[in-house]
Each structure stands twice: as C-alpha cells, then as structure tokens.
Amino acid sequence: MTQSFELPVDKRRDVLDPVPELLELNARAPLFRPPGGMPHWIVTDREVVRQILADAERFSSMPPPEPDGRKPDPHPGSLLQTDGAEHSRLRRLVAPMFTVRQMKAMEPMMARIVEQRLEVLERAGRPADLMRHFARPVSGLILAELIGLPRDDLSELSRLGDHRASGHSPRRHPATSEYVGHFRKLAAAQRRDPGEGLAGMLIREHGDAVSDEEVAGICESVANGSIENTAETIGLGVLALLCHPDQLALLRERPALMDRAVEELLRYVSVVASVSPRTALVDVEIGGELIKAGEVVSCSVFAANRCPYGGDDGTADRLDIAREPGNHLALGFGVHFCLGAALARLQLRIALTGLLERFPGLRLGAGVEELRFRSLAPQFGVETLPVLW
C-alpha cells in the first residue's frame, strides 16, 4: 500500500516497511537534501543520527524560525523544544514521576486498566477494532492516572488529537489551540486543588517556582509522548506480529521473550518517524557534508532503525523478537532520550501479554490492503485495526 507522494520520503511507508526510495537514498548517502529543493537536510544513517542527537552543543532543539524569519512562539514547559540548562531544569522537575519505584507502584493500576479494556474488547464482538476498544483507551487511561487528568476529558482530547493528526485539514490549528488550552485549564484546576498526579506533584513540590504555563506545557509534552506513541505502538506492534505468524508463534511458545519482543517492536514499527528537528548552531561537517549554521536537520529514526547500516548483520529490516536488544533509536538518544521510556516499555509488556493470553486465536479481521494509516500524524499509526479471535 504505497502512500501519497506528497509526503516527504522519510514519512512514507509501505505498510510497515521503508519505501524503496528511502532505502535507495539511504544507500547512496548518510544525509541528503530532499527532492523539491526543501531547505533542510534529512539524515537516515544510523551513526550520523546518533552523532547529531548526542551533540547538544552544536545542534539546538529549539524550533527553527518560520519561513519568513519570524521566531516561533515560546512554548513554556516543552521538554522537546528546550536546550541546555532550561531543558535540564524541566527534566529534574518531572523525573520523580518516572523512577523505577514509581513504575512499580503504577504497575497494578496498569494491569487493572488493561484487564478492563480486554473485557470491553471482548464484549464488542468479532470483529472488534483493537485501536478503539483497547490500544487508545489503555494509553489514555494510564496517562490520565499519571498526570492527574479527569477521565472524562479523554474523549475530548482524543477528538482533538484526531484533528491534529489530520495533516492539512483546516481543523488542525484550531484543534491544536484547544488541545493546549485543555492542559492550561488542568494546570489552573490543580493549582487550586493539587492532586496525586504529575500536575499536582509539580505544584505541591515547587509552588510558584513553576508557572501554570510550564505545568501545562510539561503535561502536554508527557501526554503527546504517552497517549499517541504508546497507542500506535500497541496497534502497529500487534499488526506486525499478526503479519509475521512465525514470530507470534515463537512469542506464544516462549513468553519469556516478551521483554525482547517489546524492544524489537519499538524498533521495528518506530511510530515517531523523525524526532524534533535540530538546527545547527555552527557550521558542522558530518557524514561527508557541510551543514551550515542555521540549517535544519531532520533525523529519521525510522530509517536509522530499519535501513541497512554499516556494521549491522544484514537483518535490520527483519522482525526478530529473539534479537539481542541493541541500541535502537525509537525512544530517542542523547539528552532528549525519552524520559518515559520505562513507562512505555512497561505499558507495552502488560498490554501485549494480556492481549495474547486472553485471545489465543487472535488474528486480523480485515486484509492488510484494507487498512488505513495515519500517515500525516506526528506518530505513524493505523486508524482502525479489526481483529478476530
């Protein structure tokens, strides 16, 4: 299922695989300027991607200027769009919610939510949409518990999220404004009555040292990285297993491989095709090219994880749940490595284990060619995933 050619080459997929054009460009050079004269670089080579993401001295994560030269509006609290000391300060504020001890404390809650949603999925009858009844509610409900978001708000956030993922739709920008406004209301409510979640913790622990705008921005950052990333990884991960029955059979035969399977599925589906763009602060020679100060670089995590690279064993494009866990880039690299990585891994392990145990005969309820994908969304995913059992 080849997607629209209007998409940048690093955003296109053939179902779960890189398109031939991306493989060809990757084989030709580690980084390139995309066809059409776009004024930025796309990096696909694994080692060059790692070098750039690790180099916070010469590459900024701040949003690049608009095409007319205007600076983007500041986004207080954004963990993805800050550099240096400010980024470190924000991570220190949030880190207490993502410790190993905190994850262990949250595990029973996650298991309970997964069990509840499996019941809902089963009651929906065959075929049931895995995304609607399981993947998206699981990630949303866990996020609500994590940050202190009322559960009743999830349906509205989901609706706004769908509009934000709708590419060039005129509803996208208004939906984004409403989405941000939702977290500002949350911050104001938690300021008046701090709860047990992330928003309440920030206010209780730091008082006026953290503004409502920062609380809202932090919660939005965590929500962006949690709801969609995890939901789409569950959906595409299940699709990958169902499209590779030998790997699914191996996982059922050896459930102890689940931790490796989670790492492999994160790598294989890489729902975030490219991390936030980096802007060169000085002239940088890398990968045989000169990136000039001010030029913007898009690091393709998907290509880095799936295209052949020097030193690999020729199996980068193969799904292998028994693979020795390597240093894939699905959760980022360097100072911006995903703060919620342990949370994401735990959610995936609990969700996939529960799903496979509940439905031993799980299989696709539609042909792969009938599936529609969220190609324009920040996170690549599948719109619906009908399953049978």
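Q: Which residue has its charged end over the ring of Y268?
A: That is R306, whose charged end sits 3.8 Å from the centre of the Y268 ring. A charge counts as over a ring if NZ of Lys or CZ of Arg is within 6 Å of the ring centre and within 35 degrees of the ring normal. R13 also lies over a face, that of F302, at 3.7 Å from the ring centre.

Q: What should I know about the model before reading on?
A: It is a predicted model, in which local features need pLDDT of at least 70 and side-chain atom pairs count only at pLDDT 80 or more, while totals for chains, interfaces and linings use all residues. Residues are numbered from 1 along each chain as its sequence is written, and side-chain values use heavy atoms, with hydrogens and water left out.

Q: How many aromatic pairs does the structure hold?
A: A pair of rings is described by the distance of the centres and the angle of the planes. This structure holds 3 aromatic pairs. The rings of Y179 and F183 have centres 5.3 Å apart and planes at 65 degrees, so this pair is edge-to-face. (Rings of Phe, Tyr and Trp, the last by its six-membered ring, pair if their centres lie within 6.5 Å; planes under 30 degrees apart are stacked, over 60 edge-to-face, and the rest tilted.) Y179 and F183 are 4 residues apart in helix 7 (residues 172-192), about one turn of the helix. Another pair, F359 with W389, is tilted, at 4.7 Å centre to centre and 40 degrees between the planes. F359 lies in the loop between helix 13 (341-358) and strand 11 (363-364) and W389 in the segment after strand 12 (386-388), so their pairing ties together parts 30 residues apart in sequence. Helices (H or I, at least four residues) and strands (E, at least two) are DSSP runs, numbered from the N terminus.

Q: What is the order of strands in the open sheet of 3 strands?
A: Strands of a sheet pair through backbone hydrogen bonds, either parallel or antiparallel. Here the order is 6-12-11, with antiparallel pairing. Strand 6 (128-129) and strand 11 are at the edges with a single partner strand each, so one side of each has no neighbour in the sheet. Strands 6 and 12 pair over 2 bridges (pairing needs at least two DSSP bridges), and D129 has P386 in strand 12 as its bridge partner.

Q: With which strand does strand 4 pair in the parallel sense?
A: Strand 4 pairs in that sense with strand 10 (residues 296-299), over 4 bridges, and H40 stands opposite V296. With strand 3 (residues 31-32), strand 4 pairs in the antiparallel sense over 2 bridges. H40 and I42 point one way from strand 4 (residues 40-43), W41 and V43 the other, and all are buried (under 20% relative accessible area with a 1.4 Å probe, protein chains only; exposed is over 50%, partly exposed in between).

Q: Which residues have the most contacts inside the largest nonpolar core?
A: In soluble globular proteins, nonpolar side chains tend to be buried together. The largest nonpolar core has 89 residues, and F134, I147 and L198 have the most contacts inside it. Its largest share, 14 residues, comes from helix 9. (Such a core is a set of buried Ala, Val, Leu, Ile, Met, Phe, Trp, Tyr and Cys residues joined through side-chain atoms within 4.5 Å.) Helix 9 itself is mostly covered, with 26 of its 32 residues buried.
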